[in-house]
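The following explanation is intended to be read alongside the sequence and the coordinates. Please keep both in view while reading.

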Protein chains: 4
Amino acid sequence: CANPVPTPSVPAPDILRCAYMELVVTDLERSRNFYVDVLGLTVTEEDENAVYLRSLEEFIHHNLVLRKGPVAAVAAFSYRVRTPEDLDKAVAFYTELGCRVERRAEGFTKGIGDSVRVEDPLGFPYEFFHDVEHVERLAWRYDLHTPGSLVRLDHFNQVTPDVPRATKFMQDLGFRVTEDIQDEEGTVYAAWMRRKPTVHDTAMTGGNGPRMHHVAFATHEKHNILAICDKLGALRMSDHIERGPGRHGVSNAFYLYILDPDGHRVEIYTQDYYTGDPDNPVVTWDVHDNQRRDWWGNPVVPSWYTDASLVLDLDGNPQPVIERTDSSEMEVTIGADGFSYTRANDESGSYHGQASKGFKIGNQL
Amino acid sequence: CANPVPTPSVPAPDILRCAYMELVVTDLERSRNFYVDVLGLTVTEEDENAVYLRSLEEFIHHNLVLRKGPVAAVAAFSYRVRTPEDLDKAVAFYTELGCRVERRAEGFTKGIGDSVRVEDPLGFPYEFFHDVEHVERLAWRYDLHTPGSLVRLDHFNQVTPDVPRATKFMQDLGFRVTEDIQDEEGTVYAAWMRRKPTVHDTAMTGGNGPRMHHVAFATHEKHNILAICDKLGALRMSDHIERGPGRHGVSNAFYLYILDPDGHRVEIYTQDYYTGDPDNPVVTWDVHDNQRRDWWGNPVVPSWYTDASLVLDLDGNPQPVIERTDSSEMEVTIGADGFSYTRANDESGSYHGQASKGFKIGNQL
Amino acid sequence: CANPVPTPSVPAPDILRCAYMELVVTDLERSRNFYVDVLGLTVTEEDENAVYLRSLEEFIHHNLVLRKGPVAAVAAFSYRVRTPEDLDKAVAFYTELGCRVERRAEGFTKGIGDSVRVEDPLGFPYEFFHDVEHVERLAWRYDLHTPGSLVRLDHFNQVTPDVPRATKFMQDLGFRVTEDIQDEEGTVYAAWMRRKPTVHDTAMTGGNGPRMHHVAFATHEKHNILAICDKLGALRMSDHIERGPGRHGVSNAFYLYILDPDGHRVEIYTQDYYTGDPDNPVVTWDVHDNQRRDWWGNPVVPSWYTDASLVLDLDGNPQPVIERTDSSEMEVTIGADGFSYTRANDESGSYHGQASKGFKIGNQL
Amino acid sequence: CANPVPTPSVPAPDILRCAYMELVVTDLERSRNFYVDVLGLTVTEEDENAVYLRSLEEFIHHNLVLRKGPVAAVAAFSYRVRTPEDLDKAVAFYTELGCRVERRAEGFTKGIGDSVRVEDPLGFPYEFFHDVEHVERLAWRYDLHTPGSLVRLDHFNQVTPDVPRATKFMQDLGFRVTEDIQDEEGTVYAAWMRRKPTVHDTAMTGGNGPRMHHVAFATHEKHNILAICDKLGALRMSDHIERGPGRHGVSNAFYLYILDPDGHRVEIYTQDYYTGDPDNPVVTWDVHDNQRRDWWGNPVVPSWYTDASLVLDLDGNPQPVIERTDSSEMEVTIGADGFSYTRANDESGSYHGQASKGFKIGNQL
Ligand SMILES: [Ca+2]
Ligand SMILES: [Fe+2]
Ligand SMILES: [Fe+2]
Ligand SMILES: [Fe+2]
Ligand SMILES: [Fe+2]
């Protein structure tokens, strides 16, 4: 990329996993209803300004913080690091990059101790912590399970204009790429990267950014995801379903995207694969492959490409959004100028400049 | 309706259930591959002109006949009747209506004996039989099961211009309505009707007809349907997926629509409810209810409304297609003139003349 | 059989399906907790003496009545008939047989009108009704679903000393046998019989009787049954699990047997097959087939063979229990004198007088 | 423990995960049929002496080697290490412990390069390798999936007389304990330990050893495991089912134990939880807790406690089996001298010296 983030001379902190997201919501009661009563996340603690939520198999204090605020946005993408000393490394790493860095021994949220927050080179508010309050892992508490039980926080997804630049930076931070989407000219549309040995702890999606594309929770089985759809239907909230359910090409996971009351996107996700070996094969998808985003070739709704949440700086102000100048995945794959195929080099399974059987959204337009 | 089919003075045959469909396909080998190698139906018998297929829990000779022919079409919607004498009743019933009736003691297909075929008052080729060869019920043969096992034929779906006229006739034939879709003026867009105590043995869908909308097979569980999608993706045949998977509003069943090599539509369907009591409550859906066709509010692709298979007369010639003059469900619910809602009387959940959050296909256009 | 019940000269009532069971329980609050809080049945109505419960897809007032009483027992096996006139037929049918018959225009329970109760020739308290209050069918109310949702009442199971005698009587009452268990000498150990087109509305199990073996509710999928086990474990109530989960040989259904606080046995059951054709093939199992009761060959616990609930006469007194004189299924298949095989005629898969690999309970003793 | 293995002064190799087991089988064709035709593992390569198998999501050459030999046994528990240099560390680590160590640059099996095999201090044949041939990850090949698809190798389980001694040694090797079973006196009956962040890569089960208790493969969902049972029933091989299916207390996973034609035990396993944080809470189960081994309280068959496979030394000779002198889990929990409870301190849910409702196997004896 043209303007690479320099590789720091100091070691990166040893990140264990994505741990929680802090979401600013405009109506705390309405958001609490969505995440607790509809989705079934467990309240670890709450007060009038914030609700601390966790998934059923979690033993740390929270995986999601809903904090009341004037503008819907993301206040932190928070990762757990292996040791307390990794916080020193995080400070040195980002300081060398000239980033704004803030460390609080008492933490930024309840339940978590010594923490470092930064405005990272890509404009995202990242947090690192090790010290955390343990709470009951509810894995065996089947009396609390619901048909759509969320058992783990799985990953984040970030929107950024320059995916190769972001990927290179994340690799410096110790992440490994597992899959990506490219075109024949090498334009990268999105990349998935991990610390824990799943397909990702976060992904970089090409688009106007920095913005937050989604936060993903895992279920045990596919029917749990279908049950969430069924319940949203029963509650006459089906307009909160944005895309899916479906099978991803990328990651091979089963998925659903829903929108919370502020439009923050939440993915429900299950059954990707083990990626922990250092030589884990990277899967590169052709952006024109009609099955990359949905293995069944079902269309990606345009809002999924265009909409995302603002992210905040460390003062709590929204970061300015910078336009992507590389090709847009939506534009190169959907509609009059787009091109997608179900079977490479097969006229009847491909689309080029006009509708084809292989391209369902073409049929719909 | 304006031009009702008269109610015959003689009793209707006692129909047990929809039993099989005879499909004319233009490339027998290609269709055999689709139904046997991809969908996993079992070949009971075959020759160079026809393949006789059954589902895993069936004990009669077949649930589907693929017959080679010049024009893709449906040659018969076939129902099993309770006794041999019901064939006499069928002859009398349709004869009184002035329909063309043909009876063959040796049957029209292999495996089936004495049969009656008619061109019914709606233009559909209906068959009735009782005598049939028993074959092994493969229910316990889990060594033959596949991830997408089809265990039963569930129902047919027919396209006809005048749904109330068709429904009245089918009630005379002994069917009971379980659900329908209407608007506030009483226009009926579709109706579901049954003999066996499920939601339907056949449905009448308003549109240009007589045509065959789909034939539906049942699986045991929802994951079996997802597995069919996954397999179609793996075979790079995802363009055979037309709509779904999803949860129906009508019938409450989980569904998927796929297209065979000739474009004949097949539904995979599971988990509707018991309807066998004579006072089983009829469910009437508002045509503007965005969850009636998909409980999750996912859009119905236009082809699902417009495309259907020709049906043949008893000479094997396609029946002429008569245009529907009543309102079109697609037109009243999709696009610039359409109107749909997720929550009745809720501005944010409704669509009227312009895109709304509650109406996903509006967002896509 | 030696002492057959005569076939009445009058027609039997037209029975639609098993509809509800009235259970006498000794601690109403404890039983309510079991059926409502643990199993998730829906309370239609309740007072200090009785709780009226229904499954999620039911539209009639109840499928189960818990009534407080001094002795745990069954007060009624209740069936719905097609028309009000079928009650007259029921009265005539049982009166001709010399049975005690009681008819109440106002019904025996809330929510149900004109009803007939009898002490049948086998000693069971049978009820017939048509008139019933309709309530909301909760099928679409996924906001009320639980991981172990019970969606339908499926069947009863009765213990009776002479199975052929009971079967002959039930056939006179209009039931059709779908499966049975016999030995090579023609001793019948159990038989399954149906009105609605599933494997059964009731079964006759050979043993000391009249007693009630179990009442069965259906789920949609197998994981729903597993979820009930998981929840019982979480509540430290796993000692309520008596047998299973497993796959039946007979019926091919997936099953679980649990015991309520009074020891009344409840089966949770899913995915048997369609049996509605008059020539539906009857499946006869060899009593020595180790997979007949559990397709996986897992042992049947002895209590499942020996324990059952008392049934009441129309005065509310327990019917005397008459001993079975035919061979006992437990004795001919388990332990030192028993004989079972996994593969017929295969030494390594069979057991005769001593432990074998093919017979797990032998290994356990 | 009395005779601890000394902690080496050199660092342990950095183990990624359990990678494959080499099984000696006495009839290669019969074993191939079991693992390939029945269980659906994929043949990567084979010759007349060995079959190399992998699971559907694997990208290394194999997860299981079946090698023809005179005595059924385990030739290697093989782990992948992070780098080639970790092999040097393995050599140094075991050499310091005085273990027999053999290194082969060309590997011990096809598809794998430079490898180290050792006779470890507990008597087990352990292998370490990094260099391996990559093969196609079949995750997306749903056309190859079966109802019981095995997607990953999950873990090994070893029988050893002194569990604390084994655990201390494994911790020196870099493993972390996630769960264990103890009694009130501190006797340890079993311990689970992991490198990858699941509940385990291997477990130590107290008993006469060194022996191999089982090797476990993962499925995506619970119904996949049930499908394996159903298929074994259909093939009249249900006597290969030893225990389960069920829900583990320990690990919270859903499980099944089956026996291959030589009696090697294979577990099918799904849905344990993430354990990758260094402070992951260790779960200690009371040996008398009736739900520790099966969350539903279903009995553990005695063979599961007593039977296990021999393991070989590096010359291919079976290691002598040393008797456990600590208490036996079977003896302290089953039968006349045993004691188990469903609810601690609850008479009706506990068993002590005599049968109780809370202890099903007691009822069976
Ligand atoms: Ca465009
Ligand atoms: Fe995602
Ligand atoms: Fe349909
Ligand atoms: Fe039953
Ligand atoms: Fe295990």
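The model is predicted. In chain B, the iron ion (ligand 3) is coordinated by His155(B) and His214(B), each through NE2, and by Glu267(B) through OE, at 2.0 to 2.1 Å. Along the sequence, the donor residues of this iron ion (ligand 3) follow the spacing H-x58-H-x52-E. His155(B) belongs to strand S9 (residues 152-160) of chain B and Glu267(B) to strand S16 (residues 265-270) of chain B, so the pair ties together parts that lie 112 residues apart in sequence.

Distant parts of the chain are linked by the pair formed by His155(C), in strand S9 (residues 152-160) of chain C, and Glu267(C), in strand S16 (residues 265-270) of chain C, which are 112 residues apart. His155(C) has 0% relative accessibility and counts as buried; Glu267(C), with a value of 1%, counts as buried too.

The next topic is the contact between chain C and chain D. The size of an interface is often expressed as the accessible area lost when the parts come together. Between them, chain C and chain D bury about 3100 Å², of which 51% is on carbon and sulfur atoms. Chain C contributes 38 residues to the contact and chain D contributes 37 residues.

Which polar features accompany this contact? There are six salt bridges between chain C and chain D. One of them joins Asp289(D) to Arg236(C), with the closest N and O atoms 2.7 Å apart. Between chain C and chain D, 20 residue pairs are in polar contact, both residues being at pLDDT 80 or more.

On the side of chain C that touches chain D, the elements giving two or more residues are helix H4 (222-234), strand S14 (241-247), strand S15 (254-259) and helix H7 (360-364) of chain C. H4(C) supplies the largest share of that side, seven residues. By class, the side of chain C that touches chain D comprises 15 nonpolar, 13 polar and 10 charged residues.

Conventions. Residues are numbered from 1 along each chain as its sequence is written. Chains are lettered from A and ligands numbered from 1 in the order in which they are written. This is a predicted model: local features need pLDDT of at least 70, side-chain atom pairs count only at pLDDT 80 or more; totals for chains, interfaces and linings use all residues. Side-chain values use heavy atoms; hydrogens and water are left out. Donors are N, O and S atoms within 2.8 Å of the metal (3.2 Å for Na, K and Ca); water is not among the atoms, so sites may look incomplete. Helices (H or I, at least four residues) and strands (E, at least two) are DSSP runs, numbered from the N terminus. Contact means heavy atoms within 4.5 Å. Buried area is the accessible area (1.4 Å probe) that two parts lose on being put together, summed over both. A salt bridge is a side-chain nitrogen of Lys or Arg within 4 Å of a carboxyl oxygen of Asp or Glu. A polar contact is a pair of N or O atoms within 3.5 Å; within protein, one must be able to donate a hydrogen and the other to accept it, and residues adjacent in sequence count only if both atoms are side-chain atoms. Ala, Val, Leu, Ile, Met, Phe, Trp, Tyr, Cys and Pro count as nonpolar, Asp, Glu, Lys and Arg as charged, and the others, Gly among them, as polar. Buried means under 20% relative accessible area, exposed over 50%, partly exposed in between (1.4 Å probe, protein chains only).
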